[in-house]
Amino acid sequence: MLHGKKISLVIPTKNEEGNLARVLRAIPKYIDEIIVVDGYSKDRTVEIAKRFGCKVYFDRHGKGSAVRLGVKKATGDYIIMMDADCSNRTIEFGMLIEGLNAGYDFCFGSRFIQGGGSDDMPLLRRLGNKFFVFVVNKIWRMKYSDLCYGYRSFKKKAFEKLNLKSKDFSIETEMSIKAAKLGMRVVEVPSFEKARHSGEGKLRTFRDGWLILKKILHELITR
Ligand SMILES: Nc1nc2c(ncn2[C@@H]2O[C@H](COP(=O)(O)OP(=O)(O)OP(=O)(O)O)[C@@H](O)[C@H]2O)c(=O)[nH]1
Ligand SMILES: [Mg+2]
């Protein structure tokens, strides 16, 4: 509880046994609940989550589906979503929460504004992200600097209004576009993405880049 607001943390996980304990140890005490939505990990991920007192749910579809289930189960007014691979720094919670306190519905971490950065972005992904940012900004008249980044906060009520459908890595793109379409109050805050600490990333640049492009086109042709 902070400033009278209940805060839930939602973390999608898949085979993150080498990272999750390190992530959970760094969570500040004022976070009211930690929700882990696991994609049927084959390692000790779930055991670790339970040991730290997280509420654990399961989802077989993908990261987007896991985040949506986590938010549905969350009881907080404010929600922070973050990855389980040690890429996101909890020191940035302050900015993600203050953005909401200041009246914004969504607060998106951005690696591409002053103060942000990434240790974890190969050139191809950087260019792909830049291209998608450009297209989304042109179509929906926004000024986003980042799009495919999963360190974000939002008010639960605002998230529910978006009625998101993505089951995969296009969840952030859908969130950004629908927030724009519905005229939600959105702000970006600088974020530094560290390299994944251990294990393998699940995102596949071409497969998931294609899914993101399809999502943008879908949003363009539907109202
Ligand atoms: N529940 C669930 N979580 C997933 C799934 N795929 C990925 N995740 C989690 O979503 C978060 C982001 O996935 P990553 O694989 O780190 O994606 P990424 O950061 O784009 O890729 P890297 O830079 O290679 O780490 C991590 O916490 C993953 O464990 C899935 O199918 N189900
Ligand atoms: Mg990662």
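Author: This is a predicted model. By class, five nonpolar, six polar and ten charged residues form the shell around ligand 1.

Reader: Which residues come nearest to ligand 1, and which elements each supply at least two residues of the shell?

Author: Among the 21 residues around ligand 1, those that come nearest are Pro 12, Gly 39, Ala 66, Ala 84 and Gly 201. Strand E1 (7–13), strand E2 (33–38) and helix H3 (63–73) each supply at least two residues of the shell.

Reader: Why are H5 and H7 called roughly parallel?

Author: Helix H5 (residues 123–140) packs with helix H7 (residues 171–181) at an angle of about 20 degrees, and their axes are 10 Å apart. Angles under 35 degrees count as roughly parallel, and H5 and H7 are therefore described in that way. The crossing of H5 past H7 is right-handed. Phe 132, Val 136 and Trp 140 of H5 make the contact with Thr 173, Ser 176, Ile 177, Ala 180 and Lys 181 of H7. These residues divide into five nonpolar, two polar and one charged.

Reader: What makes H7 largely enclosed by the rest of the structure?

Author: A residue is buried if 20 or more other C-beta atoms lie within 10 Å of its own. Eight of the eleven residues of H7 are buried, so the helix is largely enclosed. The buried residues are Ile 171, Glu 172, Thr 173, Glu 174, Met 175, Ser 176, Ile 177 and Ala 179. They pack against H3, H5 and strand E5 (106–110), as well as helix H6 (156–162), strand E8 (186–190) and helix H8 (205–221).

Definitions and conventions: Residues numbered from 1 in each chain as written. Chains lettered and ligands numbered in written order. Predicted model: local features only at pLDDT ≥ 70, side-chain atom pairs only at ≥ 80, totals over all residues. Axes fitted to C-alpha atoms, helices over the stretch in contact; angles between N-to-C directions. Helix = DSSP H or I, 4+ residues; strand = E, 2+ residues; numbered from the N terminus. Parallel < 35°, antiparallel > 145°, perpendicular 65-115°, else oblique. Left-handed = near helix turned anticlockwise from the far one by under 90°. Contact = placed C-beta atoms within 7 Å. Nonpolar A, V, L, I, M, F, W, Y, C, P; charged D, E, K, R; others polar. Near = placed C-beta within 6 Å. Buried ≥ 20, exposed ≤ 12 C-beta atoms within 10 Å, placed from the backbone.
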